[in-house]
Amino acid sequence: MAKIIRKKSLGEITDVQEIQTFLRDFNVTFDHWSIPSEARVYTEKQVLTDSEKESLLQTVENRFVYLKETMGYKTRDLVVLHPEVPGIDDMLAKFDKVHYHTDFEVRYIIDGSGIFGFVGENEKFLLHVEASDFISVPKNIKHWFTLDEKKRIKAVRYFTDMAGWVPNYVDETTEIEDR
Ligand SMILES: [Fe+2]
């Protein structure tokens, strides 16, 4: 289950609807989309061939159709990360510093887990995401992303424009005081 982690004095949020409300106030869309059972044969594997990746994407194609029709998304791909991916730490280092994009960052977590961090006006907080979580981070929102200790995730990325999806770094730490 997803979880919002704030500084100790503010506590954690674990209820899906409360997480949704909290993130909505922050302009971030959060939802819970169940993973179809046909996906399991692929999500259970650590490594997927290109054709298995496409087959896994097909099991959640209805979500892409919905995003295309409602928000004009044009492409999607599947990111598969696990501890044996060569250069995984360098890959993660691109996104684990505070940055923003000039386009939305939209992810549907199919397997595994990860951690988004956000820089709000008054506080920084973390959102721990797991399989079934859908998140849409609007342009210009300061955030970062990393994996948790399991270092394993499969996530669909949806794009309207690949060019808008590069990190613009911000001089800010990812440290949350009093955590
Ligand atoms: Fe990002």
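Select Val79 to begin: this residue lies in strand β4, where strands (E, at least two residues) and helices (H or I, at least four) are DSSP runs numbered from the N terminus. Val79 is partly exposed, with a relative accessible area of 23%. On this scale, buried means under 20% relative accessible area, exposed means over 50%, and partly exposed lies in between (1.4 Å probe, protein chains only).

The structure on display is a predicted model, in which local features need pLDDT of at least 70 and side-chain atom pairs count only at pLDDT 80 or more, while totals for chains, interfaces and linings use all residues. Residues are numbered from 1 along each chain as its sequence is written, and side-chain values use heavy atoms, with hydrogens and water left out.

**The largest pocket**

Two or more lining residues come from each of β4 (75-81), α5 (88-93), β6 (105-119) and β10 (153-159). The largest share of the lining, four residues, belongs to β6. By class, the lining has 11 nonpolar, one polar and four charged residues. Here Ala, Val, Leu, Ile, Met, Phe, Trp, Tyr, Cys and Pro count as nonpolar, Asp, Glu, Lys and Arg as charged, and the others, Gly among them, as polar.

A pocket is an open set of points on a 1 Å grid over the protein atoms alone, where a 1.4 Å probe fits, with protein on both sides within 12 Å along at least five of seven lines; lining residues have an atom within 4 Å of a point. Points are joined across faces, edges and corners, and the volume is the space filled by probe spheres set on them.

**The iron site**

Next, select the iron ion. Which residues coordinate the iron ion? The donors are His99 (NE2), His101 (NE2), Glu105 (OE) and His143 (NE2), at 2.0 to 2.2 Å. Donors are N, O and S atoms within 2.8 Å of the metal (3.2 Å for Na, K and Ca); water is not among the atoms, so sites may look incomplete. Along the sequence, the donor residues follow the spacing H-x1-H-x3-E-x37-H. Both His99 and His101 are buried.

The angles among the four donor atoms run from 82 to 173°, and the site is irregular. Four donors count as tetrahedral if all angles lie between 85 and 135 degrees; four count as square planar and six as octahedral if opposite donors are over 155 degrees apart and all others between 65 and 115; anything else is irregular.

**The second largest pocket**

Select Ile5, Ile115, Leu126, His128, Trp144, Thr146, Thr174, Ile176 and Arg179, which line the second largest pocket. The volume of this pocket is about 150 Å³. At least two lining residues come from each of β7 (124-130) and β9 (143-146). The lining divides into five nonpolar, three polar and one charged residue.

**Two loop residues**

Move to Ser132, in the loop between β7 and β8 (133-137). Phi of Ser132 is near 95°, a positive value in a residue other than glycine. Ser132 is buried, with a relative accessible area of 11%. Asn140, in the loop between β8 and β9, also calls for a look. Although Asn140 is not a glycine, its phi is positive, at about 70°. Is Asn140 buried or partly exposed? At 48% relative accessibility, Asn140 counts as partly exposed.

Select helix α1 (residues 16-24), whose buried residues are Ile19, Gln20, Phe22 and Leu23. Seen down the axis of α1, these residues fall within an arc of 165°, so they line one face of the helix. The arc is that of the directions from the helix axis to the C-beta atoms. Gln17 and Arg24 are exposed on the other side of α1.

In helix α3 (residues 50-59), select Glu52, Leu56, Leu57 and Thr59, which are buried. They cover an arc of only 155° around the axis, which puts them on the same side of α3. The face turned away from this buried side carries the exposed residues Asp50 and Ser51.
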